[in-house]
Amino acid sequence: MVFTSINFLYYFLPTVLILYFITPKKYKNLLLLISSLLFYLYGEPKYIILMIIEIVLAYFEARLIEKYKSKEILIFSIFIHTLLLCIFKYTNFLITNVNSIFNTNITLLNIVLPIGISFYTFQIISYLVDVYREKVKAQKNFISLATYISLFPQLIAGPIVRYETINKELENRKQTFNDFSYGITRFVIGLSKKVLIANLLGELCNIFILSDEKTVLFYWIYGISYSLQIYFDFSAYSDMAIGLGRMFGFHFMENFNYPYISKSITEFWRRWHISLGSWFKDYVYIPLGGSREGNIKLIKNVLIVWLLTGLWHGSEWTFLIWGLFIGILLVIEKLLLNKYIEKMPNILKRLYTLFIIMISFIIFSSENISMAITNIIGLFNFNKPFVNNFTIHYLKDYGLLLIISMLLSTPILKNMIVRLKENKKYNKILNILEIIIVIILLIIVTAYLIDSSYNPFLYFRF
């Protein structure tokens, strides 16, 4: 089940909300746990047992870590959860490469990647490490811990919610009208970004991929479109998750902060998928020593983190190359380019960042290395036509969408609304308009979902 489905929007979510608000406080977590398991069961019936086993293991592991303050138990626990992730995510990748290198014919296993395993595995690991570090106490209530790990708003594609962020809300949270109304608004905004922007950009990207009439301009349109698609797709999911969490009284961290206004690659990755970046920083980069022991150690640690980041996204060489590409660029920026970048005009800083990020996402989106190279070369291959009627046709069809997407990927509109709300008279008008706009957007999205069959989530495969 996905958030952008009629079943979720008009059957599952309303039912859960009604039951949640009539359920006594002491049973609310149990209701959320059952709802989350049913949500997961609908989309991944085979692997719900795996998730339950990992939750049970995490419960007892944390209790043992707290009791004995044992680093050995922590390391063994992390090994078990990481091993399970690797078995399901990387076994076929390993077999394929062994067959290729050694010319063997080992049969691929019938393993399907469990939805959300990358996210709930990282949540479990951060919980266990924080118990060991005594940042949080081990949860004694199994239902509360299971609710945290399986919570359906953020189960499928994040953000990665740390236990320390919501441990108090697991036991004692308040549902207010302001939180609930904010949650609805945030959810509908995310829903609209996904259905009305990301899906349409995805259609344009698919047209490019299937086309035999690629021009230089169309390669650029594809690079820009995919960069915008993945932003609106994933940030939309984060918006919906944050909105849903707020409806139930949880405050999840922000996961995106307008990354496309960044003035460097370093700044971009501080603004993009914030929960994943901060996770790797706190649980991998800093424990490895960070940048405290000289440039050689810094280079090694950055490259390790970004190779792992690439590997986390998927079991393909393109993801590893993408991670290595970003890691090398970050090292070059930190050690060589920062002093020059700081002197550049802001517009050049932003153009430099946008270009590099577009190249990185072309690598990220490609099915194989050959396709990535072809699509990058295509940006500058002037042996091809620069433009043709085919390109012009789709530029006319999707040009307005691209302009709107670019505008909405910046905080311009948000800043305008904030300024207007500072005026009491405008604030009242905007509050009424907000309700009307949310209702209209929900109607448009519903109509689109009923009529359209194209509704993927890019981050489901991670």
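**Figure 1. Overall fold of the predicted model.** The protein has 19 helices and 0 strands, where helices (H or I, at least four residues) and strands (E, at least two) are DSSP runs numbered from the N terminus. With a radius of gyration of 23 Å, close to the 23 Å that the globule rule gives for 462 residues, the protein is as compact as a globular protein of that length; the radius is taken over C-alpha atoms, and the rule is 2.2 Å times the number of residues to the power 0.38. Along the principal axes, the C-alpha atoms fill a box of roughly 65 × 65 × 50 Å. This is a predicted model, in which local features need pLDDT of at least 70 and side-chain atom pairs count only at pLDDT 80 or more, while totals for chains, interfaces and linings use all residues. Residues are numbered from 1 along each chain as its sequence is written, and side-chain values use heavy atoms, with hydrogens and water left out.

Figure 2. Of the 462 residues, 51% count as buried, that is, under 20% relative accessible area with a 1.4 Å probe and protein chains only. Among contacts (heavy atoms within 4.5 Å) with a separation of 6 or more, 76% come from residues 24 or more positions apart.

Figure 3. A pocket is an open set of points, on a 1 Å grid over the protein atoms alone, where a 1.4 Å probe fits, with protein on both sides within 12 Å along at least five of seven lines, and lining residues have an atom within 4 Å of a point. Of the 39 lining residues, Thr185, Ile189, Leu413, Lys414 and Ile417 lie nearest the centre of the largest pocket. Helix 9 (177–210) is among the elements that each supply at least two lining residues, as are helix 18 (412–421) and helix 19 (424–451), and helix 9 gives the largest share, 11 residues. The lining divides into 23 nonpolar, 9 polar and 7 charged residues, with Ala, Val, Leu, Ile, Met, Phe, Trp, Tyr, Cys and Pro counted as nonpolar, Asp, Glu, Lys and Arg as charged, and the others, Gly among them, as polar.

**Figure 4. The second largest pocket and its lining.** The volume of this pocket is about 580 Å³, and Trp269, Arg270, Gly277, Lys281 and Trp306 are the closest to its centre of the 19 residues that line it. Helix 12 gives the most to this lining, with 7 residues.

Key
Points joined across faces, edges and corners; volume = space filled by probe spheres on them. Buried < 20%, exposed > 50% of the residue type's maximum accessible area, 1.4 Å probe, protein only.
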